[in-house]
Amino acid sequence: MKNGLKILLVAVVSALGLSCSEKSLTPVRPTEGLVLIKAPSSGGFAMPGMTKATKSGGSSDGFDNLFVHSTKNMGSGVNAMKKGTTMWLLVEVPDDEWIRDNGSREYADASEIPEPDRWEESEYSFKPYIVGENGAMYPCETVDSIGTKDEKKAIFRTLKRDANGDVLRSGSALMLPPGLYKFHAVSPASPLLLKLGDHEEPQEISVHVANGEYVQATDVRWRETYPKGVWIPGGTSASAVHSISLPALANQTARIKVNVRCGDDHVRMLGLQKSGIEITGIQEDHHSDFRWTMGDTIKTKIGDKYGGVRFKEYESGKDAEERDMITAYASILPTDARTNNVYVMFHLIVNNVPTQYMVGLTNQLYEAAHQYEFNFKVRMDESITIGTWDNSTLVYDDLEL
């Protein structure tokens, strides 16, 4: 990449309003020679049918996995990216030498395309996009603020919003001319931090993430989420091509799912106190050495007693016997807790009585893009409520690693 720039993820909490005007996000018909680039699919957790890449850090199927015909769909079609979703996009192109030697040629098959020695950032890189109608992507307006840290300037680039909090877009939908491209993406488009060097050029570009946040990105571990290249041949006409959908994005965090159930007939009412459910002992999200390069995966680190987050998603319902049941979800940074305990604190209301429970999870490895499901039951024993894990129902949902 030019100037050796990288997109990195560091752990800090951030949130963005992702709404936008519906009328302003309707794609126009692709013009002569241009191809409409559509948003990637959302992989989510427990994505079915995912297949592991053939080699770590390399192409999932070799360079011949490039698509010659721009009419082909690159997306796996798992889940459509929601309208209003934002993302940072890195679009790479071959270096000048490859373009000079091969850029004007026509290829009948992907296997004929020579692999570039180097990929460089294009003019479309490190820009935020918002998903509009039918998956078209529109560039967002940004605002920069300059601060200082360790005597070096830093620019914080964030999405610009109107008085209603809607993300402002600028220009028409993303359409690319003939050429060879490779795409990387990370969603949502959280604020960028650009650290400047001695010559006022960005030396590091980072996006902020923390426990409790869901982050999706291009991922080299599976064929469906690998940053594939695409060849848009010359002579493409508007009547012959409509769009290209990018590969699916995979979640870069793990998710804990807890089902809280009534354990016997004496417990029929379950509720949550305001403090809800908390988890501690996971990867700490403020240490300075945490870095993640776009296209790679967030590193799994040993759990820390200071690392924790409160469950943010809750669902209330009834079990088969019409007793209260609560389901809670928490997103956590990938954590190796095989040598330390992860504790879950339940702040419940049992039969209208506020009650607290603390339970420990031992010998667990929480990997990115996996969901780990636990069942917690509350029962009565001589008028004393007791909460226990139902260990036999531990469920691992993953991407078929």
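**Strands, rings and cores**

Tutor: Strands β5 and β6 (residues 137–139) are paired in the antiparallel sense over three bridges, where strands are DSSP runs of E with at least two residues, numbered from the N terminus, and two strands pair if DSSP finds at least two bridges between them. The model is a predicted one, in which local features need pLDDT of at least 70 and side-chain atom pairs count only at pLDDT 80 or more, while totals for chains, interfaces and linings use all residues. Residues are numbered from 1 along each chain as its sequence is written, and side-chain values use heavy atoms, with hydrogens and water left out.

Student: Which residue stands opposite Tyr129 in β6?
Tutor: Tyr129 faces Pro139 there. The hairpin of β5 and β6 has five residues between the strands, and in it Asn134 takes a positive phi near 60°.

Student: And what else does β5 pair with?
Tutor: β5 also pairs with strand β3 (residues 86–94), again in the antiparallel sense, over four bridges, and Thr86 stands opposite Ile130 in β5.

Student: Why is β5 called largely enclosed?
Tutor: Because four of the five residues of β5 (residues 127–131) are buried, the strand is largely enclosed by the rest of the structure; buried means under 20% relative accessible area, exposed over 50% and partly exposed in between, with a 1.4 Å probe and protein chains only.

Student: Switching topic, how many aromatic pairs are there?
Tutor: The count comes to six aromatic pairs, under a rule by which rings of Phe, Tyr and Trp (its six-membered ring) pair if their centres lie within 6.5 Å, with planes under 30 degrees apart counted as stacked, over 60 as edge-to-face and the rest as tilted. In one of them, the rings of Trp98 and Trp231 have centres 6.4 Å apart and planes at 70°, so that pair is edge-to-face. This pair links distant parts of the chain, with Trp98 in helix α1 (residues 96–102) and Trp231 in strand β14 (residues 229–232), 133 residues apart; a helix here is a DSSP run of H or I with at least four residues.

Student: Are those two buried or exposed?
Tutor: Trp98 is buried at a relative accessible area of 6%, and Trp231 is buried at 2%. Trp231 also forms an edge-to-face pair with Tyr107, at 5.3 Å centre to centre and 85° between the planes, and Trp98, Tyr107 and Trp231 form one aromatic cluster.

Student: What about the largest nonpolar core, how many residues has it?
Tutor: That core has 30 residues, and among those with the most contacts inside it are Ile256, Phe346 and Phe376; a nonpolar core is a set of buried Ala, Val, Leu, Ile, Met, Phe, Trp, Tyr and Cys residues joined through side-chain atoms within 4.5 Å. Strands including β17 (254–262) and β27 (371–381) each supply at least two residues of this core. A second, separate core of 24 residues includes Ala136, Ala173, Ala189 and Leu192.

Student: One last thing, what is the strand order in the open sheet of three strands?
Tutor: The order is β19-β23-β26, with mixed pairing, and the edge strands β19 (301–302) and β26 (364–366) each pair on one side only. β19 and strand β23 (residues 335–337) run parallel and are joined by two bridges, with Asp336 in β23 as the bridge partner of Ile302.
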